[in-house]
Amino acid sequence: MPGRSATDFTASRPDWEKWLREADPEAGKQLAANGKPGAGVQACVACHGPAGITPTGGIFPNLAGLRSEYLAKQLADFRSGTRVQPLMNTIARALTEEEIGQVAAYYGTLAGPPLHVGEFGGEAARKLDVEGDGARALPACANCHGLRGMGEGPLLPRLAGQSREYFTDQMNAFRNGSRQNDDVGVMRAFSQRLTDAEIQALAQYYAGPAPAPR
């Protein structure tokens with residue numbers, strides 16, 4: 001880290017850990033519901049649904065079911081520009097560090113959407129999830145994201161229940177390099193080894209059935 005002495009061998013910790021440490025989920029709930037109009041921040045529920053589940057799918061992710069650590073890191077990356085999405089970059093930069101911790105802590109308390117993972121996508125998707133493809137240096141998706149995408153560790157996100165559109169959009173972003181906040185570039189590398197058809201199959205596998213019309 002810049003500014004550290006050559007004799008400082010203590011483990012470096014990300015700033016967002018401090019933002020989460022004493023974060024109040026209830027304050028995050030209020031911020032998610034109301035936004036921060038004076039700073040031009042719309043309510044989170046406008047895109048991500050009243051309970052962190054986007055009601056109609058699309059390219060907005062479900063936040064419910066994700067770990068608070070993962071959410072805090074993504075907001076920190078949006079804030080710094082390490083992850084680029086113009087709306088989220090603007091929102092994250094308008095939030096204080098304390099507010100980022102509060103919002104992440106709140107969404108981390110919410111249960112994810114009902115699951116029917118693995119019922120769609122076919123054998124190709126199931127094999128990539130469970131076995132991977134050694135010939136293409138593709139480990140099983142479950143190694144990092146948990147079996148059937150249920151999540152594995154605080155910074156390895158749950159894929160189960162995310163919409164087909166969002167999953168495909170993010171995989172394509174990794175593929176073309178417009179998203180670069182993956183650890184040591186692993187998702188950029190893996191996504192380039194998948195075919196378009198395999199990405200679509202995995203998207204269906206993790207999403208389950210389409211949401212019912214409302």
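The legends below describe close-up views of a predicted model.

**View 1. Buried face of helix α7.** Helix α7 spans residues 122-130, and Ala125, Leu128 and Asp129 are buried in this helix. Down the axis of α7, the buried residues fall within an arc of 100°, so they line one face of the helix. The elements that cover these buried residues include α8 (142-145) and α11 (196-207). Gly132 follows α7 and has a positive phi, near 75°.

**View 2. Salt bridge between Glu99 and Lys36.** The closest N and O atoms of Glu99 and Lys36 are 2.8 Å apart. This pair links distant parts of the chain, 63 residues apart: Glu99 belongs to helix α6 (residues 97-107), while Lys36 sits in the loop between α2 (25-34) and α3 (45-48). Glu99 is buried, at 15% relative accessible area. Lys36 is partly exposed, with a relative accessibility of 21%.

**View 3. Salt bridge between Asp182 and Arg188.** The closest N and O atoms of Asp182 and Arg188 lie 2.8 Å apart. Asp182 counts as buried at 10% relative accessibility, and Arg188 is partly exposed at 23%. Elsewhere, salt bridges with shared partners join Glu123, Arg126 and Glu131 into one network.

**View 4. Salt bridge between Glu131 and Arg126.** In this pair, the closest N and O atoms are 3.5 Å apart. Glu131 is partly exposed, with a relative accessibility of 47%. Arg126 is also partly exposed, at 30%. The model has a count of 12 salt bridges.

Terms used. Residues are numbered from 1 along each chain as its sequence is written. This is a predicted model: local features need pLDDT of at least 70, side-chain atom pairs count only at pLDDT 80 or more; totals for chains, interfaces and linings use all residues. Side-chain values use heavy atoms; hydrogens and water are left out. Buried means under 20% relative accessible area, exposed over 50%, partly exposed in between (1.4 Å probe, protein chains only). Helices (H or I, at least four residues) and strands (E, at least two) are DSSP runs, numbered from the N terminus. The arc is that of the directions from the helix axis to the C-beta atoms. Contact means heavy atoms within 4.5 Å. A salt bridge is a side-chain nitrogen of Lys or Arg within 4 Å of a carboxyl oxygen of Asp or Glu.
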